[in-house]
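Here are my notes for your first look at this model. Keep the structure open beside you as you read.

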Amino acid sequence: MRLTWLLPLFLLTSPVSADVRRPLSPLTSEIVAASDVPLPDCGIAGTPGELEAARSCVDAAVRNNRPFVIQFRIDSVVWQAAIQLPSGRRMLLQHDSFGEGRITRETCQTFSFTDTLLPIGCEH
C-alpha cells in the first residue's frame, strides 16, 4: 500500500509559520521568562559576520534605550544571548549543554562584541 496520498494531508496540517532556517535556541524559555512583554528580536547569529550585521539593531536599541534580544550560536552546544529589558536592565545568558546543560545569567552595565570564541561580553 502506497502512502504517498498522506503527503498533501501532512503539508496542509503542518504549521506554516515555522522557520526551518532559524535554529531552535535552548535560551528561548529563559528569554521569555526574563520579560513580561516580548522583546524586539535582533536575530540569531551563527558567524562573526552575522553578529556584525545584527549589531546595527543592537546599537540602535542601546542608543534609544529600547529593549532587545540578540543570540549567538557558537555551536550546537554553546549559545549566548544579550538582553536589554524594558526597565533598562541588561543581562547576558549563556547555555552550555556539554555536561549538565546549565544556563548562566549575568547582569551587565553594557555589552561588548568581539571576534573571540564567546563573542558577547558582559561589562560590569
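1. Start with Gln71. Leaving aside neighbours within four places in sequence, Gln71 is in contact with Ser25, Leu27, Ile31, Gly43, Ile44, Ala45, Trp79, Gln80 and Ala81. Contact means heavy atoms within 4.5 Å.

2. A word on the source. This is a predicted model, where local features need pLDDT of at least 70, side-chain atom pairs count only at pLDDT 80 or more, and totals for chains, interfaces and linings use all residues. Residues are numbered from 1 along each chain as its sequence is written, and side-chain values use heavy atoms, with hydrogens and water left out.

3. Is Gln71 buried or exposed? Gln71 is buried, with a relative accessible area of 5%. (Buried means under 20% relative accessible area, exposed over 50%, partly exposed in between, with a 1.4 Å probe and protein chains only.) The Gln71 side chain also makes a polar contact with the side chain of Ser25, at 2.4 Å. (A polar contact is a pair of N or O atoms within 3.5 Å; within protein, one must be able to donate a hydrogen and the other to accept it, and residues adjacent in sequence count only if both atoms are side-chain atoms.)

4. Now place Gln71 in the fold. Gln71 lies in strand β2, residues 68-73. (Helices, H or I with at least four residues, and strands, E with at least two, are DSSP runs numbered from the N terminus.) β2 pairs with β1 in the parallel sense over 3 bridges. (Two strands pair if DSSP finds at least two bridges between them.) Ile44 stands opposite Gln71, and Ala45 stands opposite Phe72.

5. Step back to the sheet. Its 5 strands form an open sheet in the order β1-β2-β3-β4-β5, with mixed pairing. β1 (41-45) and β5 (102-108) stand at the edges with a single partner strand each, so one side of each is left without a neighbour in the sheet.

6. Which aromatic rings pair up? The structure holds 1 aromatic pair. Phe68 and Phe111 form this edge-to-face pair, at 6.2 Å centre to centre and 75° between the planes. (Rings of Phe, Tyr and Trp, its six-membered ring, pair if their centres lie within 6.5 Å; planes under 30 degrees apart count as stacked, over 60 as edge-to-face and the rest as tilted.) The pair links distant parts of the chain: Phe68 is in β2, and Phe111 is in β6 (residues 110-113), 43 residues apart. Both Phe68 and Phe111 are buried.
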